[in-house]
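Student: Please take a close look at one helix pair in this model. I would like the packing geometry, the residues involved and the setting in the whole chain.

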Amino acid sequence: MLTLVKDVDVPVQPAAPPSKPRSRQAPRQRDYNRRRFLGWLRDEVAVLRSVGLGVREIAVRLDIEEYDVLAFCPKPKESVLRRSLPRRAVEALLHGRHASLGGRTIAKRSRHLVEIASAYTWEELLSEPGVGTVTASEVRLWLEERGVTLRKSEGE
């Protein structure tokens with residue numbers, strides 16, 4: 001049903017002055033940046049996942065879908081014991097000062113790599129050519145995953 005409406009005088013506001021065009025030099029921080037937002041979201045998901053929250057809880061907290069959380073989640077390792085040593089560490093252990101503990105051939109030594117590595121002290125491992133603190137730390141972590149440690153130094 002139609003009703004009759006009386007014309008009312010509405011004051012007309014003057015038009016706003018035209019805005020100045022923005023220069024295209026550099027984007028401002030407050031501008032939306034999709035790449036920055038997705039990076040932030042990926043970091044948030046990783047932090048919440050490391051704290052121990054499940055996929056559904058993370059999705060609720062960040063107000064996103066569960067399949068988005070799964071897309072951003074760091075891929076879990078197959079198994080803790082699947083970590084492999086870097087090539088540099090394997091070469092140093094197979095040809096180092098305690099390599100003869102594993103046997104005469106490279107094949108036998110590679111099967112006994114844990115025994116060879118556990119015969120080293122931290123200082124001996126660092127003195128091997130091509131082994132620095134990073135490689136030595138990787139060997140130490142690799143041994144700890146297998147329930148073995150490096151040999152204690154004389155002074156310890």
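This is a predicted model: local features need pLDDT of at least 70, side-chain atom pairs count only at pLDDT 80 or more; totals for chains, interfaces and linings use all residues.

Tutor: Of its 156 residues, 25% count as buried. The protein exposes about 12,900 Å², and carbon and sulfur atoms supply 54% of that area. Its secondary structure comprises eight helices and zero strands, so the order from the N terminus is α-α-α-α-α-α-α-α. Taking contacts between residues at least 6 apart in sequence, 51% join residues at least 24 apart.

Now to the pair itself. Helix H1 covers residues 34–51, and helix H2 covers residues 55–62. Two packed helices are described by the angle between their axes and by the distance between the axes. For H1 and H2 the angle is about 135°, and the axes lie 10 Å apart. Angles over 145 degrees would count as roughly antiparallel and those from 65 to 115 as roughly perpendicular; H1 and H2 are therefore oblique to each other. Their crossing is right-handed.

The contact is built from both helices as follows. H1 contributes Leu41, Glu44, Val45, Leu48 and Arg49, while H2 contributes Val55, Ile58 and Leu62. Sorted by class, this contact holds six nonpolar residues, no polar ones and two charged ones.

How values were computed. Residues are numbered from 1 along each chain as its sequence is written. Side-chain values use heavy atoms; hydrogens and water are left out. Axes are lines fitted to C-alpha atoms, for helices over the stretch in contact, and angles run from 0 to 180 degrees between N-to-C directions. Helices (H or I, at least four residues) and strands (E, at least two) are DSSP runs, numbered from the N terminus. Angles under 35 degrees count as roughly parallel, over 145 as roughly antiparallel, 65 to 115 as roughly perpendicular and the rest as oblique. A crossing is left-handed if the near helix is turned anticlockwise from the far one by less than a right angle, and right-handed if clockwise. Contact means heavy atoms within 4.5 Å. Ala, Val, Leu, Ile, Met, Phe, Trp, Tyr, Cys and Pro count as nonpolar, Asp, Glu, Lys and Arg as charged, and the others, Gly among them, as polar. Buried means under 20% relative accessible area, exposed over 50%, partly exposed in between (1.4 Å probe, protein chains only). Accessible areas come from the Shrake-Rupley method with a 1.4 Å probe; for residues, only the protein chains shown count as cover.
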